[in-house]
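Please open the structure in the viewer and follow the stops below in order.

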Amino acid sequence: MRALLRFFSLRHLARHPMRALLGAASVALGVALYVAIDTANTSIAAAFEKSVNDLAGKAELQVTTSEGIGVDEAALAKVQAVPGAIAAPVIQKAITFPGLADPQVLAIGVDFGSDALLRMYSFEGKPADPTEFIAAAFIPNAIVLTKRYAERNGVAKKQQLKAATSRGMRTLVVTGLMEEEGPAKAMGGNVAIMSLGAAQELFGMKGRLDRIEVAPDGISADELTQRVKTALGAGYDVRRLSRKSTAVEMALARLRSMIVISAIALIVGLFIIYNSVSISVVERVREIGILRSLGAKRGQILTTVILEWGLIGFLGSCAGLAGGFLLSTFLVPRASGAVNMFAFAVKVDEVVLSWSGAIIAVLAGTLTSAAAAFFPGIAAMSVTPIGLLRQGTYQYRQAPKFRAAFYAGILLLSAGVVTLIAGNNRLHPYVLLAITTIAFFAIALCGPQCTVWLARATRPLLWRVFRIEGSLAADDLAKFPQRTGLTVAAFGGAISILVASASLVESFRASTERWMEVAFPFDVSLNSSDLSTAFYSTSAFGEDVLEASRKVEGVEAAYGVRSITIPWGDLEIMLIAIDMPEFFAMHRAHGTKGGPVDLDRPEIRSALASGEGVVVSENLAALDRISPGDELELATPAGGRKFKVLATVEDYSWPLGTVCVDREAYKRIWNDSTLSYVDIRLAPGADPQKTRARLAGELGHLSSIFVYSVPQLQAVGRGFFDQIIALTRVQVLLALIIGFLGIVNTLLISVLLRTREIGLLRAIGASRTQIRRSVVVESVIIAMAGSALGVAAGLAGAAWPIRLFILRMAGFWFPLEVPWRDIGLALAAGAVLGIAASLAPARRASRLNVLDAISYE
Amino acid sequence: MIRFDDVRKIYTQGTREVRALDGLTLHVPRGEFLAVMGPSGSGKSTFLHLSGGLDLPTSGGVTVDGQSTATLGDDGLTLLRRRKIGFVFQFFNLMPTLRVVENIALPLLLDGNGNGAAVPKAEALLERVGLTSRRDHFPDELSGGEMQRVAIARALVIDPALVLADEPTGNLDSATGRGILELLKEVSEKEGRTIVMVTHDEAAAKWAKRIARLRDGKLDA
């Protein structure tokens, strides 16, 4: 076997390095994409988990109400009085130091006395008298940074820093530095602590806390939970410290949803290798014959072929592993950036390769290659060398086989469709992934017969346009329908990734734009937080801001909105409370068509006002199969409460979905009258700039207020959207490279197989230009057929399995848009890639030595 | 029709030089049926390739129909082959993807003719070689003799001044071979075309008007 590998396999590979390289590259790309996604996923998850653990210290429980409202400070004493409980108050918010290179920091307000029982802090220089140090460091407008963060950003002790907080720009002085221990290790060192009082003042949370963290002292966590619940009574949420973040989970789900693309990329690689192995077997038919006559068994030769391509797959996978790791360094900052737009939750300062993922990827790449080699290897072993020598004509006689494969493909596709219908949108994401994968195999099975039909159908047209070169190209396509069909499927796979991605991006973009169009009936929005820091904030201002804003000159109408996140299973959904009468009135004045206006009906208005009913977003409805008329249980300070679902609306405020209530009802049920923002319609003729300036000036004394125009809000939304689709562009690029490699591979094989024919054509008078044109036409037909297939498959995939996959994985659900511009681009890219891929093979074909070619036998 | 003046053709095989033709001088007048014989390595095929403009001499002059092949360049040689030379190969070399009639019409199609001009001419030749019933068959559905008839028809479709045949009967049984040789002789005698046929077979060579014997790249006196 070693001799066979050495003399039969390795020498053959050495003679055809380009083919081996193309095979390895196609596997490498699929593996790279998988490894990049897996590594980014692992790195973000690991960084988040580490930060959570570092921040938690010994704490095991957390006491909250609903996030955003905060816990009344009075509850702290009750929890501290519970026997077996060590409790500490926490305020945790993101702040930004605009002047620094790495501006975002998680600021934690703590009562150092109680917090030191839960978490280990170590300060720079190990102060001889900690009490004195704490008294000096934890003062109003003071902050203690980590030493690592300070060094990274060139900050020194006693330095004053401008900080953008939810209450505007504040100046904070650095009163100390923390060594790398406990919470200081979290978030890559982007952590700061300050006194509880300073944090309450800084974030406008006088008398309130974000949460109380509790550690058991000599009792079990379950026992502790019971005791704390009993001590606090109703209205509090006592649960194990959250190890999950909706923002992180959603970002990871989005990343994982890209696995579908890497699976398709691997299948495309499989097709490319299949073609390469087929030709390498045909080329060596004489050698196989000789080896067989010298006593080599069929099995030995088959094993050698499989090992040979398994080795290529392994080497390609290893290269893909390295490439994927590099690619993940591009993905990680973008994915974690998208997380932090929701909430500052993760800081990845180390990209961690998941060894299990790496092993899976290398195994998948190697086995894919070996599997791709298996079938042509088996076919070669089961046919006599003479039969293989006559393969050009042999394949014509396989027409019934192609028809059978076509019917099998149609059957598989139908089975996929039936499964999708029967699954009724509840299929597991991996079942959807499997359906997508099988659909590609089914298309590949249909490929040869479709190629025959395509060649027959296009031959007259090609003759008319390109004369003899065109019909020769069509004949060559039909000559090897299996190879052509697989290449069309491979290129179609690449284009389908492009079209599906573009379609999903366009759908999401169009839906978001449409939603922003109807969701913003106002001219100006007053926000309690700086949207450049985070898209979502839990900060709030009082109702006095709403009342005062209505009196500002130039303001015609205003309504208030409170948005908070509430628990939903392990994760969170967004609850949005709106002053409904004013909201509907503003929409009427704005002339909004559709969307929220459809809800402006007496029965819905009264059900919302009474607090009996809610409106849910379409993505939540789709994700959890909620329909109007259903009942929905939401967490309230008084415990779970059932609401009737009145209607569903298109809303993209929060990835897992939103529930909309009337703010008057919200105030009664959630005991919260604060506002997250106030939306304002300007009076006719009012100057927008001046009115915004007046709003900022006249309301600034009430609270920290950020004033945004609608275009500014839309820009923030688009910025977030761009962050998400940056990942998609990487997939599209890789997909196109894979498709390109597929065509180059096929054409090189085609030229190789046609060496004799090309020589003959040259001998009887075909010019080099005619030969070149024939190869280019063939390539463009493959590319265009692949593009057409890709457009159809991409749209079908985006419309169904991939959209469902994304819904199940990431919670996004939106009406599908056909990306005409991108389809045009895909077709143009197909033609350009087809021509580009043909250049080297066409050159090779036209430069064939005629004598060498016709004496090839 | 063909003039070889002191033609040398030297190939390099590894570090070794092989003199395929070594100062060959030979004239083939228009309308002659010449058989070229000689043992393996004598230079027969090289002579044929140089005559067909498929290769160029290392030194000396090759003139075909009054044109020096050395001065024609690739495009000129392509046109020479396309319009003036018909090739018949030992292994037939038909395009497997084309039907019989298309194979015959191929040289005309390559020259830019439409089906309207090329197909009737191909059909006429098909009738002449007795294969009208095989018009729409693919090459792999024909016997060896039939394939060679198609190859001859293809060679004749351009009305060539010169037909170069490389072992045209080498792959056929003797009865079928005889039919092919009759056809070539008829083409030479009735149509006045120059035929150069390379062969190993003495019996086949006797069909020619003249036999040139090569040995070690030279005419064997």
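The structure, which is a predicted model, holds 15 aromatic pairs over all chains. For the opening stop, select A:Phe112 and A:Phe123, whose ring centres are 5.7 Å apart. Their planes meet at 45°, so this pair is tilted. A:Phe112 belongs to helix α4 (residues 112-115) of chain A, whereas A:Phe123 sits in the loop between α4 and α5 (130-137) of chain A; the two are 11 residues apart and link distant parts of the chain. Both A:Phe112 and A:Phe123 are buried.

Next, select A:Phe643 and A:Trp670. This aromatic pair is stacked, with 5.9 Å from centre to centre and 15° between the planes. A:Phe643 is found in strand β17 (residues 639-649) of chain A and A:Trp670 in helix α23 (residues 663-670) of chain A, 27 residues apart. A:Phe643 is buried, with a relative accessible area of 1%, and A:Trp670 also counts as buried, at 1% relative accessibility.

Remain in chain A and select A:Leu266, which has its place in helix α10 (residues 259-283). Is A:Leu266 buried or exposed? Its relative accessibility is 16%, and because buried means under 20%, A:Leu266 counts as buried. Beyond its neighbours within four places in sequence, A:Leu266 is in contact with A:Val27, A:Gly30, A:Val31, A:Ala364, A:Gly365 and A:Thr368.

Now display chain A and chain B together. How much area do chain A and chain B bury between them? The value is about 2500 Å², with 63% of it on carbon and sulfur atoms. On chain A, select A:Leu760, A:Ile764 and A:Leu851: these supply 24% of the area that chain A buries against chain B, more than any other three residues. The contact takes 26 residues from chain A and 26 residues from chain B.

The count of salt bridges between chain A and chain B is 3. To view a salt bridge across the two chains, select A:Arg459 and B:Glu102, whose closest N and O atoms are 3.2 Å apart. Then select the helices α17 (429-479), α26 (755-763), α27 (768-799) and α30 (850-854) of chain A, each of which supplies at least two residues of the side that touches chain B. Helix α17(A) gives the most to that side, with 7 residues. The residues of this side of chain A divide into 12 nonpolar, 4 polar and 10 charged.

Select B:Asp111 and B:Arg83, which form a salt bridge with closest N and O atoms 3.0 Å apart. B:Asp111 lies in the loop between α3 (100-110) and α4 (115-128) of chain B and B:Arg83 in helix α2 (residues 73-84) of chain B, so the pair ties together parts that are 28 residues apart in sequence. B:Asp111 is partly exposed at 27% relative accessibility, and B:Arg83 is partly exposed at 43%.

Proceed to B:Arg135 and B:Glu123, a salt bridge with closest N and O atoms 2.7 Å apart. B:Arg135 is in the loop between α4 and α5 (144-156) of chain B, and B:Glu123 is in helix α4 of chain B. To conclude, select B:Lys121, B:Arg128, B:Asp159, B:Glu186, B:Glu191 and B:Arg193, which salt bridges with shared partners join into one network.

Note on methods: Residues numbered from 1 in each chain as written. Chains lettered and ligands numbered in written order. Predicted model: local features only at pLDDT ≥ 70, side-chain atom pairs only at ≥ 80, totals over all residues. Heavy atoms only, no water. Helix = DSSP H or I, 4+ residues; strand = E, 2+ residues; numbered from the N terminus. Buried < 20%, exposed > 50% of the residue type's maximum accessible area, 1.4 Å probe, protein only. Contact = heavy atoms within 4.5 Å. Buried area = accessible area lost by both parts, 1.4 Å probe. Salt bridge = Lys/Arg side-chain N within 4 Å of Asp/Glu carboxyl O. Nonpolar A, V, L, I, M, F, W, Y, C, P; charged D, E, K, R; others polar. Phe/Tyr/Trp six-rings, centres within 6.5 Å; stacked < 30°, edge-to-face > 60°.
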